[in-house]
Amino acid sequence: MKYSYLSIILAGAIFASCKPTIEAPVPDKGNADFTTYVAVGNSLTAGYADGSLYRSGQENSYPAMLAAQFKMVGGGDFKQPLLPGEAGWPGLRRVLGYSKGCDGVTGLGPILYNAQIDTAGSIINIASQGPFNNVGVPGIRCIDYTTAGYAYGALVLGGVGYAYRFYPSPLTDRPIDVATKLNPTFFSMWLGSNDVLGYATNGGEGNGAGGTLPTDISPLSAFQSVYQSVVGAMVSKGAKGVLINIPDVTAIPFFTTVPAKGLALTSDAQVAALNTAYAPLGINFTLGANYFIIQDAAAPGGLRQIKSGEYILLTIPQDSIKCKGWGSSKPIPRKYVLDATEVANVQTATAAFNAVIKTAADANGLAYVDANTYLRTLQTGIKYNGVTYSPTFVSGGAFSLDGVHLTPRGYALIANQIISAINSKYAARISSVDVNKYDGVLFP
Amino acid sequence: MKKVSLFTGAALSLSSLAFAGSFQLNLQGMRQTAMGGSGVAWPWDASTIFYNPGGLTRLEGIQAYANIYAVSPKIKFVENGTGTTAETINKTSTPFALYVGGPIKAESKWGIGLGIYTPFGSSANWGDNWTGRYVSQSIALQSVFVQPTLSYKISEAISVGAGFVYGFGSVEITKAIPVQDANGKDGQATLEGNANGVGFNVGVQIKANENMQLGISYRSGVNMKVNKGNAKFDVAAAAASNFPDTRFDTELPLPSILTIGAGFKVNEHLTIQGDVVLAGWEVYDSLKFDFEANTPALQDTREPRIYQNTFALRVGGHYKFNEHFAAMIGGAFDPTPSKKNYLSPDAVDANRYSLSGGITVNPIERLSIMAVFNYTTTAGRAVSYEPANLAGTYQIKSFVPAFGIAYTF
């Protein structure tokens, strides 16, 4: 019966080889050292989303995602100045929900999270729990990084105290000091957005040629000098790192959601009334979609129709458009509009700041992520494992409900761009992040 | 912020109704399975109704034949970049075959028969939460073909046969919809429907001499149509009106199969045989879904498949120890019809190598009891499904045991 003996052995061997044997490649740190990772940046780095900062947003910040991947190649613990709760701090975050407009129509859109602010007391200084690896501070600009006592100053200026909360010596610390405290072996730096964003989100009412108020565009010379000092300080002890450039903010939903040609006229009477009223200015309306009327001091009568390529801000009160004649019988106030000159100021500054960032990356041999170009590819849709992400507000999936900051999935897409830049610069093989593991926009 | 426009970005892409290259089952006869799936030349038993209807007149009498297989392929996926792995959840399906047929009486030139078998089937359940869930969560495809068959012996050397094929079956697909509810739970689409189609199976069987037989068979393509299947959507309430429950139509063109083969009786114990199989997969160019109700989020879809025709090779040997006992062994190479940039997780495929074997026992003269196995493996195949940008490496392993019984009247 040697045949049956043989067949038993054969059958056994076959059963044993019934499981697929493919495995993922083993991650590798290449020639970088991820033992101590520090993330430098602003609100995007802090994990800000939906118009506020809250715990799960922080836990899903892109630096936290990166740190988890670094851990597989020798990275250490990653400490963040976490808030205690989910409601948002200092203000409530936004969630998708139903609200009734002045016209009595109930619609789906961002509303304030229905909860008590559970983060009372969040301003208590928690520096003793630090030092922290994530030193991202919402609102901070590049040019703030060498300001002594920045945290205190921001608080005095009516700011929120994000930095005040975790800086060891808020009265004297420069942000650059806090960033270098841990002597990082690796750092990421996504800094500079607020050096243009504050100007843009205030409708370009500040100084577009260079000023130091939060509503100004930062002066290029100051930006350049501070940016270089921060990078210099970070690499001074041999740290390697990655620099991420600034997205062109005019491509984000905060500016692109309310359409310029959004004045919908549905009756001949409306058209006739507006045509009569605006006849002296030579402005003509037709049935259907029309360009909104905006304030413009330089135009005859101080108003004109908005043009394509100019933007209306997401913060414009919707009810004023629906029920108070904003954009038709009354011009939309300047602070809700980014006109062509202001758009040009934003884009010029963004390009100049990005040139500084690229130069700094090259000069210091650091990895570089062109987040600006990447986020522009969102316009045509970025596909990831069956989901298409776009910059469309709410349904696009990548931007959170404030139209500026990202959803966890949006942050994960950025994290993967950063990992890819690190891998190619440092000959590493760090696994990318599973984007679909995180949340996008949640629907009621 | 119009309500309607909110969901266009989440438009359902039904990338993947999953009838794939892999869904052709080459499991319709026990001896043939044991010999690498070959069998167009040699009419071993009533299963020749499937393998070559022309061989039916060669049987010694009317035979009743039944077999059943236990199929539970294991598929593993390693995603590019993340290195995330996923494996299909095991579920055993049981393709079967029933045949009754043979010469209508001793020495007759006519043979008749009926075959009921499962030529295509597929099932893969990746679970609800893996990274590719928006492309596929699960797929279950079943088909049963019924084939009444007539065979005629033109001469001692040449016998021909033909059968009409009526196919019916069912499909059930689930996939996640990228609209998350307040708790972060994905939406889900469930598509269920019954399909049917018709075709034919013809063959010529040639007894060249005592020791050599030849065969050629052609099984036509069968266009399996789903009419008014049920499409159900479970999504967050705010999105529900964008995903109304509705009906859908689709169709799956099953390929034509042309087989040419030969068998040689080497000596009184050993017979060897081999087939070359041309599968006309080219018909499977795309998969379309036509929904009765459309919304901005729920559009009709057309997903590229772009299959290519394939040539498969199958060989095997049969060793008869004595009147009561025989053993078989065989192997096959099945190239995949799928392109590596259009491979969806609901239709995983790669070039397949299989090894098979089995035994037959004849405890009494007219009764055969058969036990066989088929082991199929693929190398890791690095592919992507471009319409969804899902890329990674897949590997399939499958061990199929089967059992059959035949009785000649």
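Visitor: Which residues in α8(A) meet which residues in α13(A)?

Guide: In this predicted model, A:Asp195, A:Val196, A:Tyr199 and A:Ala200 of α8(A) meet A:Val346, A:Ala349, A:Thr350 and A:Phe353 of α13(A). By class, this contact has six nonpolar residues, one polar residue and one charged residue.

Visitor: Why is α8(A) called roughly antiparallel to α13(A)?

Guide: The axes of helix α8 (residues 194–201) of chain A and helix α13 (residues 340–363) of chain A come within 10 Å and cross at roughly 170°. Angles over 145 degrees count as roughly antiparallel, and therefore α8(A) is described as roughly antiparallel to α13(A).

Visitor: What makes strand β15 of chain A and β9(B) a pair?

Guide: Two strands pair if at least two bridges are found between them, and strand β15 (residues 442–443) of chain A and β9(B) have two bridges, in the parallel sense. Within β9(B), B:Asp181 is the bridge partner of A:Phe443.

Visitor: How many residues of chain B are in contact with chain A, and which element of chain B gives the most to that side?

Guide: On the side of chain B, 41 residues are in contact with 36 residues of chain A. The elements of chain B that give two or more residues to this side are β2 (74–79), β9 (180–181) and β23 (390–408), and β23(B) gives the most, with five residues. By class, the side of chain B that touches chain A has 19 nonpolar, 17 polar and five charged residues.

Notes: Residues numbered from 1 in each chain as written. Chains lettered and ligands numbered in written order. Predicted model: local features only at pLDDT ≥ 70, side-chain atom pairs only at ≥ 80, totals over all residues. Axes fitted to C-alpha atoms, helices over the stretch in contact; angles between N-to-C directions. Helix = DSSP H or I, 4+ residues; strand = E, 2+ residues; numbered from the N terminus. Parallel < 35°, antiparallel > 145°, perpendicular 65-115°, else oblique. Contact = placed C-beta atoms within 7 Å. Nonpolar A, V, L, I, M, F, W, Y, C, P; charged D, E, K, R; others polar.
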